[in-house]
Amino acid sequence: MTGTASASFTADDYEARMERAARQAAGAGLAGLLVAPGPDLVWLTGYTPTAVTERLTLLVLAAGRDPVLVVPTLEAPDAEHAPGAPALTLRDWTDGKDPYAATAALLDPDGRFGISDNAWAMHLLGLQNALPGTSYASLTEALPMLRAVKDAAELELLAAAGAAADAAFEEIRGVAFAGRRETDVAADLAALLRRFGHSQVDFTIVASGPNGANPHHEIGDRVIERGDMVVLDFGGLKDGYGSDTSRTVHVGEPTDEERRVHDLVREAQEAGFRAVRPGAACQDVDRAARAVIAGAGYGEYFIHRTGHGIGVTTHEPPYMIEGEQRPLVPGMCFSVEPGVYLPGRFGVRIEDIVTVTEDGGRRLNNTAREMVIVD
């Protein structure tokens, strides 16, 4: 079935996105953009091929030219029904013909092009063989902020996805944890995300006891015990836009140290959130959260960046990390998720999606950040 980013967007919206992308490409010194099936193509056109195969599908964008979508003939009927199709020209090719020669006719033979990161190597090499004078840069390298600033409709969809993830957390805190496997609770979380409107579940981390010290723990058959701290990190796509939230719960009463570490991470998360404002650098969010944890003597146990962008994927630019001096702009959306991970013992992470407003930040996750006790 052909996928779309969301029914909320019109052909005019997609046309504006394609025009903006072409202008940004020209401003970056590129002859144009080449966009293969994946998140960028969905965001720009609303089109997802029925199946991504060895047959070339490629959107060609260049400033001053009409956008062209090169598609296999057998997939052209689906492409014609994509929400953004009225704003572009379809150029189909049949089996037995050379799709690279057809695409080459649309390109500057000596140009440098941005190409989506998930383009297949065989397609990039095919274009290079057809046009030896061309060169290429990944879209993440060439235009990292292409999708970073969300419009009002996108923010509404992200807020709805965040609210759905919050609803899943409110439900999961009422289920039994003790005596069940991590996989059991993860299955509950996945079912809840779908019940609250997610079409795609990307991850359901349930990291209990010592497993919580691994930020990206793969769920397993460990049986959750009373006395365990449990890191819950879950999200996916709802109406084409992402959710991602983390809360750390405790099975039964925590120790004083567990409560102290949880309170520390909560304070760090609040500090990171309060650092969000237009004009601040991305690294300022990381610095604010990290300073709280380092000041309490746990700096070596905060082992990842403070945040990542979110939109039509659950991880994308911008990144809240030391060295990223790009300024925050209203409409950017990203996670603020500091953590402390004590090897062999337990971990704590608290994560909200935050959007930059005209005068600060707004959380898109609003469940309790205080420690939650579960059974």
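The legends below describe close-up views of a predicted model. Local features are taken at pLDDT of at least 70 and side-chain atom pairs at pLDDT 80 or more, whereas totals for chains, interfaces and linings use all residues. Residues are numbered from 1 along each chain as its sequence is written, and side-chain values use heavy atoms, with hydrogens and water left out.

**View 1**
Helix H8 covers residues 182-195, helices (H or I, at least four residues) and strands (E, at least two) being DSSP runs numbered from the N terminus. The expected span of a helix is 1.5 Å times one less than its number of residues; for the 14 residues of H8 this gives 20 Å, which agrees with the 20 Å between its end C-alpha atoms. Glu182, Val185, Ala186, Leu189, Ala190, Leu192 and Leu193 of H8 are buried, where buried stands for under 20% relative accessible area, exposed for over 50% and partly exposed for values in between (1.4 Å probe, protein chains only). These residues lie on the same side of H8, because they cover an arc of only 160° around the axis, the arc being that of the directions from the helix axis to the C-beta atoms. Their cover includes helix H7 (152-172), strand E7 (200-208) and strand E8 (229-238), as judged by contact, that is, heavy atoms within 4.5 Å. Gly197, with a positive phi near 110°, follows H8.

In helix H5 (residues 121-130), the buried residues are His123, Gly126 and Leu127. Their arc around the axis is only 95°, which places them on the same side of H5, while Ala121 and Asn129 are exposed on the other side. Among the elements that cover the buried residues of H5 are strand E1 (32-35), strand E2 (58-61), helix H4 (99-104) and strand E6 (135-138). Met122 also belongs to H5 and, at 40% relative accessibility, is partly exposed. Together with Val52 and Trp120, Met122 makes a nonpolar surface patch of about 270 Å². Patches are made of residues with over 30% relative accessible area and no salt bridge, nonpolar side chains (Val, Leu, Ile, Met, Phe, Trp, Tyr) being joined within 5 Å and like charges within 9 Å.

Arg17 pairs with Glu154, their closest N and O atoms being 3.7 Å apart. Because Arg17 lies in helix H1 (residues 11-27) and Glu154 in helix H7, this pair ties together parts that are 137 residues apart in sequence. Arg17 is buried, with a relative accessible area of 3%, and Glu154 is likewise buried, at 1%. A second salt bridge, at 2.9 Å from N to O, joins the side chains of Glu316 and Lys150. Glu316 lies in strand E12 (residues 316-320) and Lys150 in the loop between helix H6 (139-142) and H7, so parts 166 residues apart in sequence are tied together by this pair. Glu316 is buried at 3% relative accessibility, as is Lys150 at 6%.

Arg181 and Asp221 form a salt bridge whose closest N and O atoms are 3.6 Å apart. The pair ties together parts that are 40 residues apart in sequence, since Arg181 lies in the loop between H7 and H8 and Asp221 in the loop between E7 and E8. Arg181 is partly exposed, with a relative accessible area of 36%, whereas Asp221 is exposed, at 55%. Elsewhere, salt bridges that share partners join Arg247, Glu270, Arg274, Asp352, Arg363 and Arg369 into one network.

His308, in strand E11 (residues 307-309), is buried at 2% relative accessibility. Its contacts, leaving aside neighbours within four places in sequence, include Asp244, Glu316, Pro318, Tyr319, Phe334 and Glu351. Val336 lies 28 residues from His308 in sequence, with the two C-alpha atoms 7.7 Å apart. Pro318, found in strand E12, is joined to Pro317 by a cis peptide bond with omega of about 5°.

Methods
Areas by Shrake-Rupley, 256 points an atom, 1.4 Å probe, with all protein chains shown as cover. Salt bridge = Lys/Arg side-chain N within 4 Å of Asp/Glu carboxyl O.
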